[in-house]
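Good morning, and thank you for coming.

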Amino acid sequence: MKAVQIKDKGYFPEYLEVPIPDDKAGYHKLQVSHASLNHRDVWIMQGQYAGLKYPIIPGSDACGYFNGQRWIVNPGLFWGTNEKFQSKSFQILGLPDNGSMAEWVNVPVENLAGAPEHLDDVQASALGLAGVTAYRALVSRCTPQPGERLLVTGIGGGVALFVLQIAHLLGLEVYVTSSSQAKLESARQLGAAGGVLYTDSDWTGKLIEMNPSGFDIIIDSYAGDQVEKMMKLINPGGRFCFYGGTGGKIQNLSPQILFWKQISIFGSTMGSLHDFLEFLKLVNQFRLVPVIDSVFDLTDVQRGFQRMQQSQQFGKIVFRIQAK
């Protein structure tokens, strides 16, 4: 079968011929139509995960076909029975086992769900990892209420955009940050009430001018030294949720501001099967359509990786595996 494979740390994936995966008990072999790209795939290429072994086929998301039906993948495998946190057996499709950027991929039966009928294969392939991560971070962890004010940092990535879309559907007032004015404008078209460039020296002051009422929820994937500044924006009783930490360790965070404001801090990774199914209910109920940045043939995989590596995307980058 045709696939892309990362052969070693620091090397872009290559398009090549590999064996079709063997049948596995408890799994279905999905014929992949489209697979979407996540930052996780770029970080695998860069060797940023413990226990990583090469060569490996990347990819956590897919829309494909089995027994004449159309399916999407819940990429979080073996979550376990505790909704509060994942089990020790938890893993994500595409590491340590081969992922979805191939003509065929093995997926546990319980990790397949019917593709929403209002979405085409490109759109359906973009739902999984980013969608369930966004849903758990915002809905399951922060329990938003209509009318609350939300700040989403780093708009343009898949998770941040799903947070914006979900929050808008649930009646929240959403503000965003970005390093790109064009991305801020695109976010407004999706329902954001406003946004600021985090590259500005006084970006927090501009947010206060824009929204003097403060924020009830902040969803962030960067962390680092910006957290101290954002804590000053959050309202008493507010919730702060991290689903990433590319900015590194949090510095100079005062415990006084946390306990005096009664702020709750949450960490969130991926989501349970319940989170995934609840997210799909919302997608179907509101006919939510994910934001697609671009679609590449799998033979052009390096362009897609380069686009994400350079943070050029607004929405999901999708690879066309097989035309249907």
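**Pockets, sheet and helices**

The largest pocket has a volume of about 1200 Å³. Please keep in mind that this is a predicted model. The lining of the largest pocket is made up of 45 residues, and those nearest the centre are His39, Trp43, Ser221, Tyr243 and Thr246. By class, 25 lining residues are polar, 16 are nonpolar and four are charged.

Which elements supply at least two residues of this lining each? They are α1 (39–45), β7 (91–92), α3 (128–141), α4, β11 (173–178) and α10 (301–309). The largest share, four residues, is that of α1.

I turn now to the second largest pocket, with a volume of about 290 Å³. It is lined by 18 residues, and Pro21, Asp97, Asn98, Val105 and Asn106 are the closest to its centre. Strand β8 (residues 104–108) gives the largest share of this lining, three residues. The lining of the second largest pocket comprises 11 nonpolar, four polar and three charged residues.

Next, the sheet. Strands of a sheet pair through backbone hydrogen bonds, and the pairing may be parallel or antiparallel. Here, six strands form an open sheet with parallel pairing, in the order β12-β11-β10-β13-β14-β15. At the edges are β12 (194–197) and β15 (264–267), each of which pairs on one side only. On average, neighbouring strands of this sheet are turned by 15° against each other, direction ignored.

Which residue of β11 is the bridge partner of Arg149? That partner is Glu173.

Helix α3 touches β10, β13 (215–220), β14 (234–242) and β15, and its direction makes about 155° with that of β13. Helix α4 lies across β10, β11 and β13, at about 165° to β10.

Finally, α4 (residues 158–169) also meets another helix, α9 (residues 273–286): their axes come within 12 Å and cross at roughly 60°. This crossing is left-handed. Which residues make the contact? From α4 they are Phe162, Ile166 and Leu169, and from α9 they are Phe279, Leu282 and Phe286. The contact of α4 with α9 therefore has six nonpolar residues and no polar or charged ones, since Phe, Ile and Leu count as nonpolar.

Thank you for your attention.

Notes. Residues are numbered from 1 along each chain as its sequence is written. This is a predicted model: local features need pLDDT of at least 70, side-chain atom pairs count only at pLDDT 80 or more; totals for chains, interfaces and linings use all residues. Side-chain values use heavy atoms; hydrogens and water are left out. Axes are lines fitted to C-alpha atoms, for helices over the stretch in contact, and angles run from 0 to 180 degrees between N-to-C directions. A crossing is left-handed if the near helix is turned anticlockwise from the far one by less than a right angle, and right-handed if clockwise. Contact means heavy atoms within 4.5 Å. On a 1 Å grid over the protein atoms alone, a cavity is a set of points where a 1.4 Å probe fits but cannot get out, and a pocket is an open set with protein on both sides within 12 Å along at least five of seven lines; lining residues have an atom within 4 Å of a point. Grid points are joined across faces, edges and corners, and a volume is the space filled by probe spheres set on the points. Two strands pair if DSSP finds at least two bridges between them.
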